[in-house]
Amino acid sequence: MMSTKRTVIVTGFEPFGDHTVNASWVAVQELERLGLGQSVDLYVCEVPVEYQAVQSLLPLLWKQHQPQLVVHVGVSGIATTVTLEKCGHNHGYKRVDNCSFCPDSQCCMDGGPDCIDSVIDMDLVCKRVNSSRLGVAVSVSKDAGRYLCDYTYYTSLYLGKGRSAFVHVPPLGKPYSAQDLGRALQAVVGEMLELVGQAEDDDHHHDHHHCSHQHHQHAH
């Protein structure tokens, strides 16, 4: 019998720089505690803040679990809302990682498109969560920051043909608690899963979505 369970992987990052506790991993652990309901198998994983580790880890995650959706969560020192990133970028990686390493090419995937959009309509996810009176503000962004967050997102979008998402969270207490962030992730990932489910019924979503200047209005 076909299992109707869907598999979702949600990752956070290890500490780096001034972020001696990484709010993203704290929030993901809180989400794991809350769960995504009976029909979803949730796997969580803490990602090293290292370009090469990301390059080897992500293909394994996609292959091993065959997830319907992979959501990466990262912390942003300048974020004040839970921020949904629309796309990942291939070029501009000049900042060294936790191993003092930086890709020579300053690029994520040689020959890959400049930019890959998620198949998920982040504006719609944002609208739905904000209208649900969760008490946590959600916004959208097109620039994940050209560091490990953006690098990880691009890699996942490439591997998963767009079935990935990236969520930036503010540092803990600025203004949200771990519990608030966990609840926000639960709501956001729930909406994303619904949209991915609809996209799967609709085959033209399986192509890579390259960034373009007009907004993709997916007809659902």
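**View 1. Cys149, a buried residue in a predicted model.** At 10% relative accessibility, Cys149 counts as buried, and the model shown here and in the views below is a predicted one. Cys149 sits in helix α4, which covers residues 148-159. Setting aside residues up to four places away in sequence, Cys149 touches Phe13, Gly74, Ala144, Phe166 and His168.

**View 2. Glu85 and its surroundings.** Glu85 belongs to strand β4, residues 82-85. With a relative accessible area of 2%, Glu85 is buried. Neighbours within four places in sequence aside, its contacts are Met122, Ser141, Lys142, Asp143, Ala144, Tyr153, Phe166 and His168. Take a look at Ser141 here: its side chain and that of Glu85 are joined by a polar contact of 2.7 Å.

**View 3. The annotated pair, Glu85 and Cys149.** The unreviewed UniProt entry lists Glu85 and Cys149 under "active site".

**View 4. Inside the largest nonpolar core.** This core has 62 residues, and the members that touch the most others are Leu69, Val71, Leu84, Ile120, Val167 and Met192. Helix α5 (residues 178-200) supplies the largest share of the core, with nine residues.

**View 5. A closer look at Val71.** Leaving out neighbours within four places in sequence, Val71 is in contact with Ile9, Val10, Thr11, Ala165, Val167, Val189 and Met192.

Methods: Residues numbered from 1 in each chain as written. Predicted model: local features only at pLDDT ≥ 70, side-chain atom pairs only at ≥ 80, totals over all residues. Heavy atoms only, no water. Core = buried A, V, L, I, M, F, W, Y, C linked by side-chain atoms within 4.5 Å. Buried < 20%, exposed > 50% of the residue type's maximum accessible area, 1.4 Å probe, protein only. Helix = DSSP H or I, 4+ residues; strand = E, 2+ residues; numbered from the N terminus. Contact = heavy atoms within 4.5 Å. UniProt positions renumbered as here; feature names shortened; annotations may be inferred. Polar contact = N/O pair within 3.5 Å; in protein donor to acceptor, adjacent residues only side chain to side chain.
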